[in-house]
Amino acid sequence: MNVTPASQEVLAIHGGLPVRKTLLPYGRQSIDENDIQAVVKVLRSDWLTTGPKVGEFEEEFAAWVGAKHAVSFSSGTAALHAAAFAAGLKAGDEAVTSPMTFAATANCVLYQGATPVFADVVADTLNLDPEKAASRVTQRTKAILPVDYAGHPADLDPILQLAERHGIVVIEDACHALGAEYRGRRVGSIAHMTVFSFHPVKHLTTGEGGMVSTDNPDFAETLRRFRNHGISSEARQRQAAGQWHYEMVLLGFNYRLTDIACALGIQQLHKLESNLARRRQIAVRYTSAFTQIPGVIPPSIRSDVNPAWHLYPIRLDLAKLSADRGQIFRALRAENIGVNVHYIPVHCHPYYRDRFGYQGGEYPVAEAAYERLISLPMFHAMSDEDVEDVISAVVKVLAHFAK
Ligand SMILES: Cc1ncc(COP(=O)(O)O)c(C=O)c1O
């Protein structure tokens, strides 16, 4: 038994023994034999793409989130692009979004030739501040894109009310939030369009993949056409009807998700409830451990939500520490804990600085949070030992750097 107090243990970064022998990633997929068999079955079938698994996955997904329609895409980014198109964004328009996100949220506005306008986040959840978003709305605003940071739903009701007052579309970026609930409703059934990602670190994976859910049949139809070159019918419908004629009615892309991926998605959807339950269990264990550690601020949860815990981002209370985020990050990494940082605020990236003249300082809440954030490993396949390793490493490193 190790009886050395945490503050006296030699950090791995200083030559001591790491908490773990092998690197624990911050996120990863979990694939079982059913997933593999479902994919193999499609590989032996007639349809590798535009076949029956696509509609099957979309229908099951729509039912699961509680939406009338779900349209699949080759990635979350493609899904965001399609939603921006369906919302009617074009050159001269603006869309209000959060700087505390992956660049894809704002990039989809640029793809349409429109301008992303950032509004700062609230300090507790790091989600779009509805009041600041309201102050950024102009005659040119056509959409608002709240982001459910780390899996904690954005404050959707005031954002939807704002959108209603101005006749604008809410595209919720829920790439972190499949399975989250806001005021008793599942994310995916609330905004005008909700976008999901199926990247391997997410709650459900298809390798790459994405989905838009919506109750609006016009949006659903536009989304379907946009992902298929803007063509008004699909190959399988034409084959079934024995006809060749099709029409391209808008400028779309090939953003289709394959049947191989959709077969995997269907299997993964069947495990979503248990994956979410495991992530929530890990979050409870983390939070109870980290509330005891000076210098660590666990993520906050509002009383009207049930987060999906894509990420578990702690914030460092730098006043209580003799090191900055970079030093603590490197020390945890040396302990073989695969930490990460979400996110460099979008307006701080060189592309956005060069194109829009941002200099830093524009969105102080997001920028201050960024300096303090570290995402700890969070994925449903983590074992109890993995979870305890993360806690031990945080205790060890923070004790070393405590003032
Ligand atoms: C908030 C957010 N939006 C959009 C995306 C893009 O999703 P994808 O990687 O599936 O294109 C991601 C990806 O991680 C994300 O985190």
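Helix H3 gives the most to the lining of the largest pocket, with 3 residues. The model is predicted, so that local features need pLDDT of at least 70 and side-chain atom pairs count only at pLDDT 80 or more, while totals for chains, interfaces and linings use all residues. Residues are numbered from 1 along each chain as its sequence is written, and side-chain values use heavy atoms, without hydrogens and water.

**Largest pocket**

- The largest pocket holds about 360 Å³ of space; a pocket is an open set of points on a 1 Å grid over the protein atoms alone, where a 1.4 Å probe fits, with protein on both sides within 12 Å along at least five of seven lines.
- Its lining comprises 23 residues, and Phe102, Ser197, His199, Lys202 and Tyr343 lie nearest the centre; lining residues have an atom within 4 Å of a point.
- Helix H3 (76-86) and helix H4 (104-111) are the elements that give two or more residues to this lining; helices are DSSP runs (H or I) of at least four residues.
- By class, the lining has 9 nonpolar, 11 polar and 3 charged residues; Ala, Val, Leu, Ile, Met, Phe, Trp, Tyr, Cys and Pro count as nonpolar, Asp, Glu, Lys and Arg as charged, and the others, including Gly, as polar.

**Packing of H2 and H9**

- Helix H2 (residues 52-65) packs against helix H9 (residues 259-270) at about 30°, with the axes 8 Å apart.
- H2 is therefore roughly parallel to H9 (angles under 35 degrees).
- Contact (heavy atoms within 4.5 Å) involves residues including Phe57, Phe61 and Trp64 of H2 and Ile266 and Leu269 of H9.
- The contact has 9 nonpolar, 2 polar and 4 charged residues.

Notes: Axes are lines fitted to C-alpha atoms, for helices over the stretch in contact, and angles run from 0 to 180 degrees between N-to-C directions. Angles under 35 degrees count as roughly parallel, over 145 as roughly antiparallel, 65 to 115 as roughly perpendicular and the rest as oblique. Grid points are joined across faces, edges and corners, and a volume is the space filled by probe spheres set on the points.
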